[in-house]
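User: Could you walk me through this model, starting with how a helix is judged by its length?
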Amino acid sequence: MTAPSPITVAALYRFARFPDPAALRKPLLDLCSANGVRGTLLLAQEGINGTIAGPQAGIAAVVAHIRTLPDCAALAPKYSHAETMPFHRLKVRLKREIVTMGEPDIDPLGGVGTYVKPADWNALIDSPDTIVIDTRNAYEVKVGTFAGAIDPETASFSDFPAWARAHRAELEGKKIAMFCTGGIRCEKSTAFLKAEGLDEVYHLDGGILKYLEEVPEAESRWQGECFVFDERVAVGHGLAPGTHALCRGCRMPVSPEDRLSPLYEEGVACPACAETIDATKRASAAERHRQVKLAEARGAAHVGASFEKL
């Protein structure tokens, strides 16, 4: 029998009413620190969002604490595992929004689209009168997406409202099925579309991560891997580790094919950024990568290599 992976990873979010999110920060930070938990948690008046990793007991303690916060008893994290710690730091940050859309009047607690369980998702997106929209950013979609899904080609989630308004005529009268990594962007985007007067809106409950966990690969409509915001970079069916790496020059995911390119230099640049990095930045990145390798040889982690994309 294969031994369980030593690190538990929890991707979580909850839209909630936090009148004073600043008061929640220190107890959460202290609890994570005391339990060997790292990652990033965002707090705002609209709730909590983030991904954390640590020993199973430590993650359980943090999740139990979050469930005691207002409106958070039903928090439903998406769990996966890693052989090594996928974060180098712990950050608990205060934000205006836990996922930035830039539409202050949108309130997911006031009404969102219809939740669709992973087991029912295929039937919805296979329907010819359903439009399927990937609400993630372009670099995430490049790693993998559902067959036939529309890519809005957004650089950030705050670009989504403008895209939706520009394509409203194409969306009217259709079933609109939206998905994202863990569900948070779906909830906010369905709330936005409903506020815009589009009522037949659905989203994948638990996001791509829950779908990859529960739906057998033989029945899956997913193509490629799912980008995740930690050092694993991507996961596949069954939440198994993916094949993508992370470019330390531009922080973009790098496929195995990209790594065969003459423009790829580990720790320095990839085909997406190689021609835009000047000599000074290239030399700095090469030195950083050398220090990372020296730290690895000593069995230590080089904090400068940490993932900073969330």
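Analyst: The expected span of a helix is 1.5 Å times one less than its number of residues, and helices here are DSSP runs (H or I, at least four residues; strands are E, at least two), numbered from the N terminus. This is a predicted model, in which local features need pLDDT of at least 70, side-chain atom pairs count only at pLDDT 80 or more, and totals for chains, interfaces and linings use all residues. Residues are numbered from 1 along each chain as its sequence is written, and side-chain values use heavy atoms, leaving out hydrogens and water.

User: OK, what span should helix 1 have?
Analyst: Helix 1 (residues 21–34) has 14 residues and should therefore span 20 Å at 1.5 Å a residue, which agrees with the 21 Å between its end C-alpha atoms.

User: Which of its residues are buried?
Analyst: In helix 1, Pro21, Leu24, Leu28, Leu29 and Cys32 are buried, meaning under 20% relative accessible area, with exposed over 50% and partly exposed in between (1.4 Å probe, protein chains only). Down the axis of helix 1 these buried residues fall within an arc of 130 degrees, taken from the directions from the axis to the C-beta atoms, so they line one face.

User: And what's on the face turned away?
Analyst: That face of helix 1 carries the exposed residues Lys26 and Ala34.

User: Switching topic, what does Phe146 touch?
Analyst: Leaving aside neighbours within four places in sequence, Phe146 is in contact (heavy atoms within 4.5 Å) with Trp121, Ile125, Phe179, Leu204, Ile208, Tyr211, Arg221 and Trp222.
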